Amino acid sequence: MSIIVTDLTVRYGDKVVLNDISLEIESKRWTCLVGPNGAGKTTFLKALLGMAPYSGSIQDKGIEVFKSHKRNVAFVPQHPQIPQGMTVAEYVMLGRSKRDGWGNESLASRSFVHKVLTQTHLFGMQTNLVAQLSGGEMQRALIARALAQEPELILLDEPTSALDLHHQISVLNNIELLKEEGVTIISTMHDITLAAMFAERIVVMKEGKVLLSGASQDVIHSPELKRAFDNRIDVYTLDSGRPVIVASKEKHL
Amino acid sequence: MITEHGAIAKIWNWRITVFCGLILFAVAIAAVSFGPISINFFKVFKTLFDLPGGSTGQDRTVIMELRLPRVVLGILVGSALATSGAVYQTVFHNPLADPYLLGAASGAGLGATIALTSTNHNLYGALPIFAFLGGVLAVFTSFIISGKFFADPNSLLLSGIAVGSFATAIQTYLQQRHSAALRPVYSWILGDLTSASWSVVAWSSVYITIALIILFSVAKQLDGLMLSDEEAYSLGINPKRLRIIAVAAATLATATAVSASGLMGFVGIVVPHLVRGLTHRVTNRSLITIAMAGAAFLVLADLGARTLLSPAELPIGVITAFVGAPFFLVVLRNRRKVTQ
C-alpha cells in the first residue's frame, strides 16, 4: 500500500504554502523531497505528522496518515530542541514512550535501546549529555530515538545539514537501517547527489507545488530539475555508474 | 549508567524517592520536637501516632496545635513550590524559571496589598482569599493576553512578565498611598508559616493535593515537553494541551501556597536543581521526589526561622533566600560552563 496525497493545500493566514498537491508515496521505500528554500518541503512533513492544518487528504489504507500512524510516525527535525541535562540514554528512551506507555521502562525496551545505541555507534556514550554531543553524534542520537520508536513511517527534515562528508554518509547509512526493517522513509534534502544515492524516489518541489516525481534516476536527468532551481544543473556519471549533480556557475538553463 | 543483561539501566531509581520520603519524615518529626520548648524526639513520635508513652498536657498542645499544623503547612507549601518550579522549568525550557514566573507572585502580592490597605479591617481575615484570587487572575490574564499564541511558551512567559510588572506597579502605588500598611505588606512578602492552623491546612491541602495529583499523573509525559512541539507530537503527546494542564495545575498549587504563607523565594528553583544535580537526572519522573525534598527544605528553613533568633522569629523567606541566592549563582555558573 502507498500513501496517497490528494489536493493537499496548506495555508498560513493568506499565504499558500502547499498548493493543491497530489502525489503517491510508495510504502517501505525512501522518498526524498528536494527543491529550493521555501518550496514547502518541511510543511509537507508537518502535514504528514498532523502538525500543519491542511485541506485535501493524505491517506494510507483509506485513513488519514496522522491518525492511522499516530502511534508510529517518527520525526527527526532539522533543528531539534536540545534538552539541557538529559543523557543520551534518556533521550533515546523517549522513543519507547508510545510502545511502553510514558515512563514505563520494561526490560524489553531497555534491551531494545541498548541494541539501537549499538547500531548507531552511540553505545558507550549513553551517560553523556545530549547537549554536549557533536553535530554528527546529535544527528545519530536523533536517528537512534527514531529507531527506538520502531516506526512505520519516519519523516526526516534535512538530516544531513551541517554535517561533514563522513557524518553525512554515516547518518544516511543509519537511516538505511530503517528501510531494511520495512519502514517508509520520507526525507527532505538539499544535496541532490546524496538524495539520488540513497533514496529510491525523488519529488521535486517549488513554491508549494510538485514539479516532478519519480524514480531517482529519471528525476535527476529531467529538465524540470533545472527549472526548480532556476539554474543550470549538470549531471555527471562516475565510472561506478553513480551520478553526481552539480550546479553550474552559469545561470542560464 | 551501567548496563545489565544487555539492557540499559532504568532512567529513574525509585529507591531515591523512598530515601527522600524517609528524610522528610525524620525532618518533620525533628521540626515538631525543636523549639523554645524542646520535646523528646521519641515522645513526639509516640504522640503523633497515639502510642503509649506520648506527651500529655501542655506538651501535647504544643505538638498538636502549634507545631504540627505549622510543619504540615510547611510540607504542603514546600512540595507545591518545588513541584511547580520543576514543572515551569520543563514547560518553559528554562532552568531558571520559578513558580512565580507568570505573575502569580505579583498578582497575589497585589491581592494581599488590597486586603491590607482596605479601610474595611474585616478584609484582613480575607487576605488569603485576596492573595489566591490575585495570583490566579494574574496568570489567567497572562494566558488571555498571549491569546491564540498561548501554546507558545515564550509569548506566555513575556505576557506573564508584563502582567507581573503591571500588578507590582499597582501594588507599589497602593503601598505609597497607605504607608501604614507598608510593614504588614513587607512582612507578608517575606513569607512565614506563623499563621498556620488546622483550618489553613485544611483548605490549602485540598487545592495543593489536587494540583499535585494532576502534576504527578502527567509527570512522565512532561519529559516530552523538553523537546520541540513536532518531536513531542511524534512521540504521542499533544504538547499544547499538556502545557496548559501543567501550567494551570502548577499555578493552582503556587497561588494556594502563596495565599497560605506569603512568598517563599528560591524554593522552586533550589530544590528541583538540587534533586536533579544530585541524581544526575532531569527526567520528571523525579517530581514526587522533588515534592518531598521541597517539603523537607521548607520545614527545615522554618525550623531555622523560629529557632535561630529564638524567641524572636526570622521571616522564613530570609532563610530560603539566604541559602537560595548563593545556590542560584552556582546554577548559573554551571549552566554557563555547559553552554560554553
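**A chat about a two-chain model**

Q: What do strand 4 and strand 5 of chain A form, and how many residues lie between them?
A: They form a hairpin with two residues between them, and A:K61 in the turn has a positive phi of about 55 degrees. Helices (H or I, at least four residues) and strands (E, at least two) are DSSP runs numbered from the N terminus.

Q: Before going on, what kind of model is this, and how do the labels work?
A: This is a predicted model, in which local features need pLDDT of at least 70 and side-chain atom pairs count only at pLDDT 80 or more, while totals for chains, interfaces and linings use all residues. Residues are numbered from 1 along each chain as its sequence is written, and chains are lettered from A and ligands numbered from 1 in the order in which they are written.

Q: What is the strand order in the open sheet of six strands?
A: In chain A the order is 6-7-8-3-9-10, with mixed pairing. Strand 6 (73-76) and strand 10 (209-215) of chain A are the edge strands, each pairing on one side only. Strand 3 (residues 30-34) and strand 9 (residues 201-206) of chain A pair in the parallel sense over four bridges, and A:C32 stands opposite A:I202 in strand 9. Helix 7 (residues 165-180) of chain A packs on the sheet, touching strand 3, strand 7 (153-157) and strand 8 (184-188) of chain A, and its direction makes about 150 degrees with that of strand 8.

Q: Switching to chain B, where do helix 8 and helix 12 of chain B meet?
A: B:L212, B:L215, B:F216 and B:A219 of helix 8 of chain B meet B:L287, B:I288 and B:A291 of helix 12 of chain B; residues are in contact if their C-beta atoms, placed from the backbone, lie within 7 Å. By class, this contact has seven nonpolar, no polar and no charged residues, where Ala, Val, Leu, Ile, Met, Phe, Trp, Tyr, Cys and Pro count as nonpolar, Asp, Glu, Lys and Arg as charged, and the others, Gly among them, as polar.

Q: Why are helix 8 and helix 12 of chain B called oblique to each other?
A: Their axes come within 9 Å and cross at roughly 140 degrees, and these two helices of chain B are therefore oblique to each other. Angles under 35 degrees count as roughly parallel, over 145 as roughly antiparallel, 65 to 115 as roughly perpendicular and the rest as oblique.

Q: What about the axes of helix 4 and helix 7 of chain B?
A: The axes of helix 4 (residues 104-117) and helix 7 (residues 182-190) of chain B come within 10 Å and cross at roughly 150 degrees, and the two are therefore roughly antiparallel to each other.

Q: How many residues of chain B are in contact with chain A?
A: 27 residues of chain B are in contact with 33 residues of chain A. Helix 9 (229-234) of chain B is one of the elements that give two or more residues to that side of chain B, and its four residues are the largest share.

Q: Last one: what ipTM does the predictor give the complex, and what pLDDT do the chains average?
A: The complex has an ipTM of 0.85 and a pTM of 0.84. Chain A averages a pLDDT of 86 and chain B one of 84, pLDDT being the predictor's confidence in each residue, from 0 to 100. Among the elements of chain B, helix 13 (residues 316-339) has the lowest mean pLDDT (72) and helix 12 the highest (93).

Definitions and conventions: Contact = placed C-beta atoms within 7 Å. Axes fitted to C-alpha atoms, helices over the stretch in contact; angles between N-to-C directions. Pairing = 2+ DSSP bridges.
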